[in-house]
Amino acid sequence: MAKKPQKAAPKGNQKGYVLAWVIAGIIILFTPSTVFLLVIGMAPTLVAFFIVDRHPLKYTSRTVGYLNFAGCLPYALDLWENGGIWDFERLVEIVSDPFSLLVMYSTAAVGWVILFLTPPVVAAYLSVTYEMKEKRFKARQEELVESWGRNVRHGASEMDGEEEPDRVDDVGAKASDGNAAG
Amino acid sequence: MAKSPTRVSLRDRYEISVDEPLPAYDNLPGMAFKAQHVRDSNRDIIALICDPKLPVRFEMISDLSEIDVPYLMQLQDWGVVDWPPEGRRCPVLIYDRPAGDRIMTSLDEEFEPMREEEIIENFVAPAYQVLREFRDLDIAHRAIRPSNLYRGGAEGGRFIIGDCISSPPAMAQSFVYEPIESCMANPAGRGIGISSDDMYSLGVTILTLLTGHSPCKGMSDEEVLEAKLSKGSYGALTQSSRVSLTMMEALRGLLNDDHDERWTVDDIGMWVNGRRGSPVQQSMESRASRSFSFMNIDHFTCRELAHTMVNNWSRSINIIRDGTLDTWLRRALGDDAKVNAFNDAKNVSEVDDEDDNLIARCCIALDPSAPIRFRDFKATVEGFPNMLALYGESGDTKNAFAQILQYGIIDYWDASQPRTRIDLVTLYRDLKRAREVMTRTASGEGVERVIYDLNPALACLSPLVEEYYVIDIDSLLPAMDSLAEKSDDVRFLIDRHLAAFIAAHFSGLRGSELRDLDNQADPYLPILAAIRLLSLIQERATRVKPYVNLGKLAAKMLEPTVKRYHNRQTRERIASAMKEAGATGRLSELLSVTDNYQIVEDDERRFQMAVMEYRDITNRLRQLVSDQGNRGAISRELGAQVSSVLSGVATMIALLAIVLVTFLTSG
């Protein structure tokens with residue numbers, strides 16, 4: 001699939017990035033163990049954000065990141081409760097525990113699962129709604145023709161400057177052609 | 001098959017017996033039938049059923065009602081009835097039945113000649129009283145002849161003069177009983193006439209009673225006229241009769257071809273009362289010293305020559321243009337006035353230098369007292385209206401009339417008269433106006449309008465209502481209601497004749513109502529215009545009455561107009577409302593349903609909105625098609641959004657759970 005050309009980031013966004021890095025720097029300075037925990041625990045999110053996700057709004061990164069963060073949070077809380085923000089021993093204990101990593105990465109995996117499952121569901125939903133809309137529109141056009149006669153169709157085509165009006169029946173045929181191409 | 005009724009009612013006052021004709025009282029073309037007054041069966045009356053194709057002299061009825069002389073058949077009432085033998089409506093006149101028989105059933109009859117004293121006592125004296133009344137009212141009878149005379153029972157057997165209004169003036173008169181000028185005109189174009197014409201008829205009738213037969217018996221009309229032209233009326237009519245000096249005086253006076261010298265009513269009154277004088281020899285027209293030969297006939301007088309020219313119209317131009325006639329007038333006739341008149345007649349502009357125009361003018365110059373003659377159109381000026389009424393639809397008559405007006409022949413004729421005819425001033429004005437109206441082709445104009453303007457009492461000639469004998473605007477809608485009831489195949493409500501009749505009789509028009517009848521651009525406008533017009537007539541009537549059959553017919557004819565409405569429900573609603581409104585018989589209600597501009601505009605506005613909605617939906621469908629084609633990308637995009645939301649929601653739940661657990665376990 002062709003990639004959409006990336007638009008140049010507006011200047012407002014650039015300022016936001018700078019601010020974010022500044023805040024990140026401050027956080028790293030004052031909570032290094034938590035940051036390291038999150039870096040390690042949210043590696044899937046980082047991969048998604050920097051490598052996989054090309055969308056400007058970063059939906060993929062959000063989907064993985066939210067759940068990934070939820071998986072890292074208990075361990076961050078544990079770190080804060082038991083070791084403090086400067087306790088790197090507890091950090092090492094946590095990150096060297098396979099179960100901890102499993103939990104953190106599993107939540108990220110759930111995010112990926114959601115990301116992969118949702119579009120087909122949405123596609124199916126759209127298909128149904130398109131069909132319903134099409135039926136509704138056609139029914140309404142038939143109602144209009146029933147009430148106002150064929151001249152309403154001719155009048156509409158004259159307004160569009162067309163010699164022959166679009167027949168309502170042709171709409172379904174074009175829709176099925178579109179599905180085949182997708 | 002339903003049996004025809006044997007009795008017909010007039011105004012619920014008279015009953016006329018259809019199966020009891022009274023031919024003894026016919027005044028052809030009118031036919032007499034037995035009649036009875038509903039409340040007074042002793043009254044001896046007859047009903048004269050008039051020919052519906054001929055105009056009845058309704059305008060004289062009010063004048064006749066002022067005449068209280070027992071020697072005139074008394075008109076009691078009149079009306080229009082459904083007449084089964086004709087299968088249509090006919091005008092009817094109710095007269096008192098004369099006590100005695102008709103003097104002559106047919107003018108070809110012979111009977112025992114009457115004594116002079118009897119004639120004077122029983123005919124001339126009563127006739128004088130009648131004709132004096134007519135003279136005082138400035139009207140003429142124009143139907144005096146022995147076959148229209150009845151022996152009366154009043155005052156010792158004096159004769160009663162019969163009906164004079166059932167047919168156009170003098171139209172039923174034989175050539176013998178009419179002056180020369182009247183004979184020269186078409187019977188329909190003889191005109192209303194003057195008292196002098198009645199005096200002539202009186203004279204011929206006296207002669208008939210004197211001799212026991214009509215003069216010139218066995219001669220054709222043309223022979224009678226030619227005899228009068230060559231010998232004068234007195235000479236031609238009395239040629240083989242022996243007449244006493246007393247009678248000769250009266251006959252010479254009454255049969256004088258110069259109507260200025262002809263005896264008047266006062267003259268006959270004095271004669272009846274015993275004044276006697278010498279018979280006056282009629283001054284004959286000047287004769288030429290040598291004849292003018294034309295069409296193998298030798299002519300010595302201008303009048304005879306003019307008559308031959310009229311009878312040989314197309315050949316007459318030769319003697320006019322080649323100068324032979326001019327030479328004869330100057331050398332043989334020696335009448336300077338005639339020569340000048342003839343030269344003046346030929347003096348026309350280049351545009352008007354047409355054969356027919358020249359011939360007509362020259363004939364007037366040669367014989368100014370004759371009627372206007374233009375090819376086969378021969379009528380006195382007063383007779384023009386009736387000629388148009390009877391023959392106006394004929395192309396020849398219409399063309400002749402148009403050309404007479406175009407060439408100004410009426411003005412020329414008037415200028416040729418020895419005296420200005422003040423009594424014709426109004427008619428001249430109407431005829432001049434007719435010239436303009438004839439050239440217009442719009443509904444309500446044209447020759448049809450001229451016919452009704454010149455003949456106010458003429459029944460409408462439209463084939464739609466002709467059989468209903470519509471003579472005024474009040475009887476139009478009842479006639480159309482009957483038409484609607486009987487006829488299934490009425491295609492239009494107002495034709496040219498009806499439009500002209502309405503324009504001439506209905507004063508409530510503002511001008512625009514008739515214009516829309518001719519609208520070709522909008523197919524619905526003519527029928528709507530017709531119904532608007534009839535509705536206006538209905539609402540302006542003295543007593544507004546519903547006409548259910550007409551309403552239903554109008555509603556049926558208006559059915560196609562629902563196609564103006566786009567919306568089907570509106571169409572159905574309007575169609576149903578139209579049927580209901582039509583059934584009320586009030587055309588205004590029908591129009592308020594079908595001719596409501598607000599509904600039309602509202603429907604149009606809503607239709608435009610529907611068109612725009614249809615177009616909008618079409619565009620949306622196109623968009624759907626496009627979206628279907630891009631469904632993969634859309635679902636991915638949307639799916640990513642939805643998944644991030646789901647993830648967020650799941651995260652929030654998880655966070656809440658974590659916080660809760662942490663809180664609980666720490667406590």
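Colleague: Why is the crossing of α14(B) and α16(B) called left-handed?

Modeller: The word left-handed applies if the near helix is turned anticlockwise from the far one by less than a right angle, and right-handed if clockwise. The crossing of α14(B) and α16(B) falls in the left-handed class. The model is a predicted one, where local features need pLDDT of at least 70, side-chain atom pairs count only at pLDDT 80 or more, and totals for chains, interfaces and linings use all residues. Residues are numbered from 1 along each chain as written, chains are lettered from A and ligands numbered from 1 in written order, and side-chain values use heavy atoms, without hydrogens and water.

Colleague: What angle do α14(B) and α16(B) make?

Modeller: Helix α14 (residues 395–406) and helix α16 (residues 425–439) of chain B pack at about 120°, with axes 10 Å apart. The axes are lines fitted to C-alpha atoms, for helices over the stretch in contact, and angles run from 0 to 180 degrees between N-to-C directions. Helices here are DSSP runs (H or I, at least four residues), as are strands (E, at least two), numbered from the N terminus.

Colleague: What does that angle make α14(B) in relation to α16(B)?

Modeller: Under 35 degrees is roughly parallel, over 145 roughly antiparallel, 65 to 115 roughly perpendicular, and the rest oblique. An angle of about 120° therefore makes α14(B) oblique to α16(B).

Colleague: Which residues meet there?

Modeller: From α14(B) come B:Lys398, B:Phe401, B:Ala402, B:Leu405 and B:Gln406; from α16(B) come B:Leu431, B:Ala434, B:Arg435 and B:Met438. Contact means heavy atoms within 4.5 Å. By class, the residues divide into 6 nonpolar, 1 polar and 2 charged. Ala, Val, Leu, Ile, Met, Phe, Trp, Tyr, Cys and Pro count as nonpolar, Asp, Glu, Lys and Arg as charged, and the others, Gly among them, as polar.

Colleague: How do you know how α22(B) and α24(B) are oriented to each other?

Modeller: Helix α22 (residues 548–558) and helix α24 (residues 587–594) of chain B pack at about 20°, with axes 10 Å apart. The two are therefore roughly parallel. Their crossing is right-handed. The contact is made by B:Leu550, B:Gly551, B:Ala554, B:Ala555 and B:Leu558 of α22(B) with B:Leu587, B:Leu590 and B:Thr594 of α24(B). This contact has 6 nonpolar, 2 polar and no charged residues.

Colleague: What makes B:Lys53 and B:Glu466 a salt bridge?

Modeller: A salt bridge needs a side-chain nitrogen of Lys or Arg within 4 Å of a carboxyl oxygen of Asp or Glu. The side chains of B:Lys53 and B:Glu466 meet at 3.5 Å, N to O. B:Lys53 is in the loop between β4 (45–49) and α1 (61–64) of chain B, and B:Glu466 in the loop between α17 (446–454) and α18 (476–486) of chain B, so the pair ties together parts 413 residues apart in sequence. The whole structure has 44 salt bridges over all chains.

Colleague: Are B:Lys53 and B:Glu466 buried or exposed?

Modeller: Buried means under 20% relative accessible area, exposed over 50%, and partly exposed in between (1.4 Å probe, protein chains only). B:Lys53 has 52% and is exposed. B:Glu466 has 19% and counts as buried.

Colleague: How do you know the class of B:Arg429 and of B:Asp430?

Modeller: B:Arg429 has 54% relative accessibility and counts as exposed. B:Asp430 has 25% and is partly exposed. These two also form a salt bridge, with the closest N and O atoms 3.2 Å apart.
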